[in-house]
Amino acid sequence: MKSGAKGTGSAGAKGKGGGAKVTKKFIINASQPASDKIFDVAAFEKFLHDKIKVDNRVGNLGDTVQISQQGEGKIEVVAHTQFSGRYLKYLTKKFLKKQQLRDWLRVVSTSQGVYELRFFNVVNDEADDDDE
């Protein structure tokens, strides 16, 4: 039995290492808060450069992960390795918390590989009072 377990373990390791090169593209759209001047896109880009882990090491981006600013308030992350969109969402939320913007902004996935920063919908009680 032990030899069978070893065989499956080594086969799994071989399959993991010999995988084809994967290219994933993610876009974080922060144009709405950036146009209101409450979100610093350049600081967020630097935060991603500093915090993204490749092979369990921070600051190990190299050629495998490229981060660039696309127009007004958009950041594009291109990864040539296995990379999770949820990890990018996690880092975005971490940045928002650090900037104390987490109470006003949320991260929403609009389509596959595209995340957008949106304001929370605040319901005004004053609008209801005007009807009466």
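Predicted model: local features only at pLDDT ≥ 70, side-chain atom pairs only at ≥ 80, totals over all residues.

Q: Which residues line the largest pocket?
A: The lining is made up of Lys53, Val54, Asp55, Asn56, Thr64, Thr81, Gln82, Phe83, Ser84 and Tyr87.

Q: And what volume does the largest pocket have?
A: Its volume comes to about 280 Å³.

Q: Switching to helices, at what angle do H3 and H4 cross?
A: The axes of H3, residues 41-51, and H4, residues 85-98, cross at roughly 125 degrees and come within 11 Å, so the two helices are oblique to each other.

Q: Is that crossing left-handed or right-handed?
A: The crossing of H3 and H4 is right-handed.

Q: Which residues make the contact?
A: H3 contributes Ala43, Phe44, Phe47, Leu48 and Lys51, while H4 brings Tyr87, Leu88, Leu91, Thr92, Lys94, Phe95 and Lys98; by type, the contact residues divide into 8 nonpolar, 1 polar and 3 charged.

Note on methods: Residues numbered from 1 in each chain as written. Heavy atoms only, no water. 1 Å grid on protein atoms, 1.4 Å probe; cavity = no way out; pocket = protein on both sides within 12 Å on 5 of 7 lines; lining within 4 Å. Points joined across faces, edges and corners; volume = space filled by probe spheres on them. Axes fitted to C-alpha atoms, helices over the stretch in contact; angles between N-to-C directions. Helix = DSSP H or I, 4+ residues; strand = E, 2+ residues; numbered from the N terminus. Parallel < 35°, antiparallel > 145°, perpendicular 65-115°, else oblique. Left-handed = near helix turned anticlockwise from the far one by under 90°. Contact = heavy atoms within 4.5 Å. Nonpolar A, V, L, I, M, F, W, Y, C, P; charged D, E, K, R; others polar.
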